[in-house]
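I opened the model today and looked up a few things. My entries follow.

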Amino acid sequence: MSGKFGIAFQGHLVDHFDNGFVIYSKHFENNTPVFGPDVDFTCLVASGLHYLKAKNLLIHTDIEGIDTDVISSMGFNFASSPQLADYIINTTMDACVSFSPSGETFQPSSPGSQANIELLNEIQQAWEKELASVSQGAFVSREQYIRSLDQRINLKAQKEDNSSIWPMNYHQNQSETTQLEPNGKIISWTKTTAAGSPSEFAFRSPILGGLTTVLIEFEKGTIGTFLIVDDHQHPVSINDEVELVIRRIYGQDGWIRYGLKAIPLKE
Amino acid sequence: MCSALTQHRNRMSDSGLLLESLLHDRDIEHLPPVGWTMVNVAVVGAGQTKFGTHALGMKGMWHEASLEAISSVDHDFSFDMVDEAYIGSTAFGGGQIGNTAALMTEHSGMVGVPTRRIENACASSGFAFRDAWMAVKSGAAKIAIAGGIEKMNDLESERKRFWLGVSGDTEWERMAGLTFPATYALMARKYFHDYQSTHDDLVHISVKNHKHGLYNQKAHLQKEITFEKAANGKLVADPLSLYDCCPTSDGASCVILAAEDVVQSLTDTPVWVNGSGAGSDYLALHDRRSITTLDATKSAAKQAFQASGLEAKDIDIAEVHDCFTIAELLAVEDLGFVDKGEGGLFSRENRGLLNQGKLTVNPSGGLKAKGHPLGATGTGQIVEIFNQLRGNVESQRQVRDAEFGLTHNVGGSVATCAVHIFGREII
């Protein structure tokens with residue numbers, strides 16, 4: 001089969017064929033992809049849809065557990081049957097998703113790096129505890145989260161003369177909006193230990209050796225606050241360029257909050 | 001009760017009306033409305049509990065602080081003379097969020113006094129004091145109390161973690177993994193990068209404040225630390241370590257404010273409020289004009305200095321909000337004690353150390369050593385200035401010949417700020 005294989009995309013790998021593509025985790029165990037520490041099917045599907053570089057398509061999937069609010073916020077609608085869909089999204093194994101108009105599935109061809117399975121298992125257990133936790137203080141409700149998805153996932157911003165406002169501010173003109181490009185440079189950063197992380201991250205932070213948060217300056221000076229993806233373990237520096245990708249942020253009250261995290265472009 | 005106070009009470013009782021108490025002084029070039037009589041205001045009493053892990057609950061701590069405040073008033077005074085009460089608290093832990101103030105005043109014998117909780121995160125009681133000052137300054141009240149209360153250390157660790165950081169932008173900062181150590185760490189990293197400063201500059205602040213706190217009987221952490229120990233502390237949020245962070249404390253504080261015409265009947269040694277200023281900024285760091293110059297502090301300081309007619313160089317004592325060491329460094333700059341970018345040098349040269357130069361910074365030990373019971377911190381700073389200016393603190397940490405003191409109390413990562421200037425004389 002001809003195509004391009006092992007294309008690095010948003011922290012995942014893509015094999016591209018004439019009749020579709022497959023996007024999969026870069027973490028492997030015994031030649032099989034496994035989910036990274038903050039990736040699940042929703043993240044893979046979202047990245048696959050970014051890879052399509054198209055909007056307003058009808059998609060269909062039978063993959064369980066996809067956060068349809070996140071996918072819908074990206075401008076895609078779910079078709080009621082595969083026959084009506086422009087793209088069918090399928091999976092035949094963990095951490096691997098195929099996209100094709102016909103529903104064809106593809107096998108990943110490029111083994112990524114050997115995963116630290118022990119660590120990933122620990123992380124998985126931590127996610128389960130996190131999901132079962134209930135807020136005893138500050139929290140973001142499901143409704144509040146959904147209201148913000150267009151900003152959180154698509155970087156929808158308010159347009160000003162020479163800049164943009166993100167996150168959006170009700171005091172500013174709401175009518176003219178724009179979309180920030182999902183990249184920028186680090187203007188400050190910190191790595192928190194378990195003691196420095198919010199309680200929402202308390203189970204995973206110690207396993208990951210802390211979490212890195214960065215202030216990012218987008219083009220035209222707009223600034224945002226983001227976590228670095230969980231599988232990036234190298235130090236970051238001011239002025240490093242980053243790309244923003246969709247990942248799990250944290251779980252609470254039985255559901256996952258997704259959002260953008262930063263991948264440093266320099267390893 | 002003095003005659004002026006009696007007249008005041010009769011007037012209040014007869015009319016049932018309060019004078020307009022809203023005081024717009026953000027731009028102090030605005031003249032007060034015609035007929036508006038603004039009076040001088042003094043602090044006539046102040047008290048606080050020891051900060052730390054307290055055996056008493058909220059009610060007991062408030063009772064203790066208010067009792068000490070009453071005891072510090074030189075002449076006859078009782079809480080039934082109070083017209084208004086303003087009590088700062090974040091209601092940490094959620095144990096008593098609603099009507100916190102009424103519950104507190106109940107335990108200091110002030111049932112019936114109009115009371116309310118003021119919430120502005122860690123600046124709650126700094127703003128409670130400002131509101132009380134406005135009430136007295138405007139003539140709406142003759143005597144008001146401002147105080148603060150927080151009980152942080154009787155929560156289980158999980159609940160405590162949920163409450164730490166609730167004053168940041170939950171939706172955009174907390175979801176990006178930030179609590180306040182991390183927020184201030186972002187400021188520190190940027191400051192180091194832009195101003196050729198290093199973590200050593202922060203270590204000096206930590207060592208100094210612990211040195212001051214050693215002799216403060218009300219301080220949470222009465223112990224000195226060495227430079228080496230502070231420089232090698234366990235990281236909390238890189239580059240900030242444990243020794244850059246204030247502790248979480250229980251505590252209460254209470255101050256009594258009075259109008260000039262009743263001051264003499266209450267005390268021979270008033271501490272006058274020479275200036276008040278307050279400001280705010282965007283809640284999240286990413287929305288700010290700068291994260292190394294904090295506009296809320298600059299704005300509050302400008303108002304307070306203009307109102308007092310004083311300049312930064314006139315101040316002898318500053319109690320600044322060092323919830324993290326970088327916060328003190330930035331405050332010293334933003335309050336105008338040094339130029340921008342010179343806070344590191346000020347720290348390296350130990351210029352804020354007790355009686356080393358004109359200005360002593362945080363002779364109480366600051367939040368770093370004295371402790372930080374969120375809602376009680378702002379009026380706790382005023383208790384310190386009150387006692388310093390009256391020569392009533394432990395001799396080992398008494399600032400010599402101090403005439404003017406300043407308090408700087410901030411909420412969160414300086415989304416809100418209250419600055420007050422005090423003196424032994426009316427100016």
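How many residues of chain A are in contact with residues of chain B? I found 34 residues of chain A in contact with 32 residues of chain B, where contact requires C-beta atoms, placed from the backbone, within 7 Å.

I noted that this is a predicted model, in which local features need pLDDT of at least 70, side-chain atom pairs count only at pLDDT 80 or more, and totals for chains, interfaces and linings use all residues. Residues are numbered from 1 along each chain as its sequence is written, and chains are lettered from A and ligands numbered from 1 in the order in which they are written.

I then checked which elements of chain A touch chain B. Strands β14 (183-192), β15 (211-217), β16 (223-228) and β18 (255-264) of chain A each give at least two residues to that side. The largest share, 6 residues, is from β14(A). Strands are DSSP runs of E, at least two residues, and helices are runs of H or I, at least four, numbered from the N terminus.

Next I looked at two helices of chain B. Helix α7 (residues 199-213) and helix α11 (residues 325-334) of chain B pack at about 95°, with axes 9 Å apart. I therefore call α7(B) roughly perpendicular to α11(B) (65 to 115 degrees). B:Ile205 of α7(B) is among the residues that make the contact.

Last, I looked up B:Leu406, in strand β11 (residues 404-411) of chain B. B:Leu406 is buried, with 29 other C-beta atoms within 10 Å; the cut-off is 20 or more. The C-alpha atoms of B:Leu406 and B:Ile205 are separated by 18 Å.

Note on methods:
Contact = placed C-beta atoms within 7 Å. Axes fitted to C-alpha atoms, helices over the stretch in contact; angles between N-to-C directions. Parallel < 35°, antiparallel > 145°, perpendicular 65-115°, else oblique. Buried ≥ 20, exposed ≤ 12 C-beta atoms within 10 Å, placed from the backbone.
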